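Biologist: I have a model open and want to learn how to read it. Can we start with the sheet?

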Amino acid sequence: MDYKARIRTIPDYPAQGIMFRDVTTLMSDAEAFAAAIEDLCRPYEAAGIAKVAGIDARGFILGGAMAVRLGAGFLPLRKPGKLPYETWSESYELEYGSDALHMHVDGVSEGEKTVLVDDLIATGGTAEAGVKLLRRGGADIVAAVFLVDLPDLRGANRIRKLGIEVRSLIAFEGH
């Protein structure tokens, strides 16, 4: 499957110099979306995954589909003010600003095998915040998976330095 051909690039969004990789075009293609979910899940089908943690917001779309395929629960890692129960929070820097992720304090149990998912990894700040939240809850993080890696921004390396396997389906050079 040529995933790159199904992802739209929007220059200078959300800020000057950013090449935004719009994965919604891939998600709207039923065949490409199904293939991507299958390819993201395949290495973990026999791993006993208990939770798929999806990063707000496109990680929810991927994570929900992955959780169903893997027979796992879905855990949303949300932006501030979106979860109704007691949460833990991790702040992070983006290439164009800062934000935070929140997770319910009872979102994972000690030792639960978990896969972290988002649409794209750039600098790795968001994914690192997700890893920190999951570790705080005691999760056994099996891998962090993404549709797209921007290797020039070294985010995947940042997550690997935390001892986490990183997989992506495609890479785009540059920002």
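Modeller: Strands of a sheet pair through backbone hydrogen bonds, either parallel or antiparallel. Here five strands form an open sheet in the order S4-S3-S7-S8-S9, with parallel pairing. Strands (E, at least two residues) and helices (H or I, at least four) are DSSP runs, numbered from the N terminus. Two strands pair if DSSP finds at least two bridges between them.

Biologist: Which strands stand at the edges?

Modeller: Strand S4 (73-77) and strand S9 (166-171) do. Each has a single partner strand, so one side of each is left without a neighbour in the sheet. The twist averages 20° from one strand to the next. Axes are lines fitted to C-alpha atoms, for helices over the stretch in contact, and angles run from 0 to 180 degrees between N-to-C directions.

Biologist: What should I know about the source before going on?

Modeller: This is a predicted model: local features need pLDDT of at least 70, side-chain atom pairs count only at pLDDT 80 or more, and totals for chains, interfaces and linings use all residues. Residues are numbered from 1 along each chain as its sequence is written, and side-chain values use heavy atoms, leaving out hydrogens and water.

Biologist: Over how many bridges do S3 and S4 pair?

Modeller: Five, in the parallel sense; S3 spans residues 51-55. Valine 52 stands opposite phenylalanine 74 in S4.

Biologist: Which helices pack on the sheet, and where?

Modeller: Look for contacts, meaning heavy atoms within 4.5 Å. Helix H2 (residues 30-41) touches strand S8 (140-149) and S9, and its direction makes about 150° with that of S9. Helix H4 (residues 125-136) lies across S3, S4, strand S7 (113-121) and S8, at about 165° to S7.

Biologist: Which residues have the most contacts inside the largest nonpolar core?

Modeller: A nonpolar core is a set of buried Ala, Val, Leu, Ile, Met, Phe, Trp, Tyr and Cys residues joined through side-chain atoms within 4.5 Å. Buried means under 20% relative accessible area, with a 1.4 Å probe and protein chains only. The largest core has 30 residues, and Val52, Met66, Val145, Leu147 and Val148 have the most contacts inside it. H2 gives the most to this core, with six residues. A second, separate core of 25 residues includes Val108, Val131, Ala139 and Phe146.

Biologist: What does leucine 147 contact?

Modeller: Leave aside its neighbours within four places in sequence. Leucine 147 then touches, among others, Val23, Ala36, Leu62, Asp118 and Ile170.

Biologist: How much of the protein is buried?

Modeller: Buried residues make up 48% of the 175 residues.

Conventions: Buried means under 20% relative accessible area, exposed over 50%, partly exposed in between (1.4 Å probe, protein chains only).
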